[in-house]
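Hello,

Here is the structure I promised to pass on. Please open it alongside this email, and my notes follow below.

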Amino acid sequence: MKGSRRLTAAAIAVSVVALTAACSSSGGFGSPSSTGSAAAATKPNSKPLTLMFGSSGPAETKAVDAAAAAFTKKSGIKVQVIPASDLQQQVAQGFAGNQPPDVFYLDTLTFQNYAKDGVLDPYAPTLPNASNFSPDLRDSFSYKGKFICAPKDASTLALYINTKDWQQAGLGAPPANWSQLEADAKKLTTAGRTGLVIDQNEAGIDEFLYQNGGTVQNSAGNVALDSPQNVQALTFLKSMLTSGIMKFPSQLNAGFSGQAFGENKAAMDVIGNWENGTLQTDYPNVKFKVVPLPAGPTGIHATLSFTNCWGVPKQSQNLGGALEFVKFLTTPQQEMTFAKAFGVIPSLEAAQAQYVQAYPQYAVFVQELKYAHPDIAIAGATQAEDAYNSALEQLASTSPATILKTAQQNLQAVVNSDK
Amino acid sequence: MTAPVIVLLLVFLVAPIVMAAWVSLSNWNGIGSPFASDVSSVGLKNYQALLTDPGLPQQQLGESLRNNLYYVIFVVPVQTALALGLALAVSRKRLSGRGFFRTAYYFPSITSSVAVSVIFLYIFGSTGVVNAIISSLGAHGPNWFDDPSGVLQLLYSGLGVTQAPAALANHGFLGLPWWQWLAGPSVAMIALIVLAIWTTSGTFMLIFLPAIYAIPAELEEAAIMDGANTWQRFWRVTFPMLKPALFLVLTLGLIGTWQVFDQVYLISQGNPAGTTLTPAYLSYLTSFGNQQWGQGAAIAFILFAIIVVFTVLQRLVLKDRGATAGDRA
């Protein structure tokens, strides 16, 4: 039968990876993966390095290229820079083929998966600046209490306010707490515009749980989503949604909240500093200011932090060289070069101080780091998180308690399976 | 002569299938070769997690199968009928500018699916063309890609059934209550269904066309002589002659629709509320997103089994119909 030979697209994808593995593993079929002992390999050799990263645009690509060139000039080790179109997939293919890139951008969730498999070199504590990374960023890249890889940048959520809308509504100081946020959103809502937009996923919503005294994961690593505080926080958001003073981007025909804010379909937006780039390139005429997120009913300040690290695989053929390269990339000077080139916030406190001076209008993102909670990341929980996100999308028509109870079960099941 | 062919088949066809089959039975974590010594068999554990153990993997497989089943049920008959209709229309000898119509109908098929998907995102946007047309008719269009409500469930509530009967709400299959199985495709899925029909009908028209041209003119003339009207000539002469082409179109249609991946990947990523999740996309998500390669491969093999079963069933049904039609003639 003609049809039965055709596997699904996914099966092909999986088998292509499998085939790549078979073809490229040095010893052929059945050879154990070559993992050189870390101690013996820490001396740099002359083998060229590969750096794989997901680029936000030409500015980032250029800056990373320049950093690689500067490192080559200093150390004599060649670096091949590979901007990935689908970073996660390409890194996974590298690991399957026993040839992962020597240095790569690694997000917090994928970090958990690789750390669990034990394929990352736990180099972070050996860096000269190791203790200078913000604590919540260190937490993001620690597995079972061990700091593994160095955070390369930091992002936090803040409140973006359209200053023109703000003045027209005759409003004064920015909202300091939830009730002021609600009142301001109400005043800013007009026929063609909603007061507040937030992203319809956990990365846009979980900070409200923390502000209300709740949490997502407790210190023992268990999921703690179905608490009364969290139900209360979601109920507050739901009431703003149903009264129309807050909307999700999809209701405003926008792909994400920053687009709705840029198009002035919303006067306020809870979003991270990546919005600066969006506003600069796509909506240069929007006048805005950035203020800290309002506190919860009992005065708790909280936000979410997002970050990537410089992942280095244990099996790198030039582990020493890769670690030298990361050391070079995690100096305050280099982090400031990146910040100037494409707007990321440095991960080192020393560089953050310089950043605040250079960009006082964005100082709020750095100030918020002191009460930031890392965005949720549990090994193997991609789908459980997706399911949680899907449920949050339906917040307007679902009971908050049900959403949290289901997400609690699904995420805790993943945590349990890891124990 | 045949040796190189066999080697090629082994390397590019048999080996990947065998490897994927092994991966679906193993605890391979995506690091190194799946045949390395540190990868061990976990028996049917990956399949059990999907088929028998209650939990998110089972529930998501159930959802994806439900979604895809409705997708197949809606897309395959409509695209086949449309393709046949288009083929009959452009094969008429009296039609002037046949080449133009053929090209026009075939055009969506050769357009890149990325471009088509992006255009559909705009067409079905909440202020897009489709909703503009609906509102010009006085109705209010839905928020297409964000509406998870099943169209059949909307129909039930139109008939006054708004709450799931207890029997349907409390029992289910693959972690999904029967009420959810009966929900029908979501509004978001309908947009994907329309997209699939629009892009593939032209391709299948191209399969019907030569089959129509291959029907000897004498047959039609003989039927006219026997006094058959247009309708009878189509059902009794043309249609039976097209059976091989119909089988091909249905088979390719079934396989293609069960494997739908690109539109989901580009447009909806399984959202809203998991109502556009399909097994192919779920397999990708499980493998590349969650690094659970064994479970991802297991989903692919479950999908493979489903496609085989459907193809065999369809073959049996068509054979049966062919025999009775032959008896009547």
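Lys146(A) counts as exposed because it has 11 C-beta neighbours inside 10 Å. The scale works like this: a residue is buried if 20 or more other C-beta atoms lie within 10 Å of its own, exposed if 12 or fewer, and partly exposed in between, with C-beta atoms placed from the backbone. Lys146(A) sits in strand S5 (residues 146–147) of chain A.

A word on conventions. This is a predicted model, where local features need pLDDT of at least 70, side-chain atom pairs count only at pLDDT 80 or more, and totals for chains, interfaces and linings use all residues. Residues are numbered from 1 along each chain as its sequence is written, while chains are lettered from A and ligands numbered from 1 in the order in which they are written.

**Chain A**

Chain A has 18 helices and 13 strands. Helices (H or I, at least four residues) and strands (E, at least two) are DSSP runs, numbered from the N terminus. Of its 419 residues, 50% count as buried. Take the contacts in chain A between residues at least 6 apart in sequence: 74% join residues at least 24 apart. A contact means that two C-beta atoms, placed from the backbone, lie within 7 Å.

Which strands form the open sheet, and in what order? There are four, in the order S2-S1-S3-S12 of chain A, and the pairing is mixed. Two strands pair if DSSP finds at least two bridges between them. Strands S2 (79–84) and S12 (308–311) of chain A are at the edges; each has a single partner strand, so one side of each lacks a neighbour in the sheet. On average, neighbouring strands of this sheet are turned by 25° against each other, direction ignored.

Now look at S1 (residues 49–54) of chain A. It pairs with S2(A) in the parallel sense, over six bridges. Thr50(A) has Gln80(A) in S2(A) as its bridge partner.

Two helices pack on the sheet. Helix H4 (residues 87–96) of chain A touches S1, S2 and S3 (103–107) of chain A, and its direction makes about 150° with that of S1(A). Helix H5 (residues 108–117) of chain A touches S3 and S12 of chain A, at about 110° to the direction of S3(A). Axes are lines fitted to C-alpha atoms, for helices over the stretch in contact, and angles run from 0 to 180 degrees between N-to-C directions.

**Chain B**

Chain B has 16 helices and two strands. Of its 329 residues, 40% count as buried. Its C-alpha atoms fill a box of roughly 75 × 70 × 40 Å, taken along the principal axes.

Where does H10(B) bend? The bend is at Ser201(B), by about 35°. That angle lies between axes fitted to the seven residues ending there and the seven starting there.

**Confidence**

pLDDT is the predictor's confidence in each residue, from 0 to 100. Chain A has a mean of 88, and chain B averages 87. In chain A, confidence is lowest in helix H1 (residues 9–24), at a mean of 41, and highest in strand S7 (residues 194–198), at 97. pLDDT stays under 50 over residues 1–41 of chain A and over residues 323–329 of chain B. The model scores ipTM 0.75 and pTM 0.82.

Best wishes
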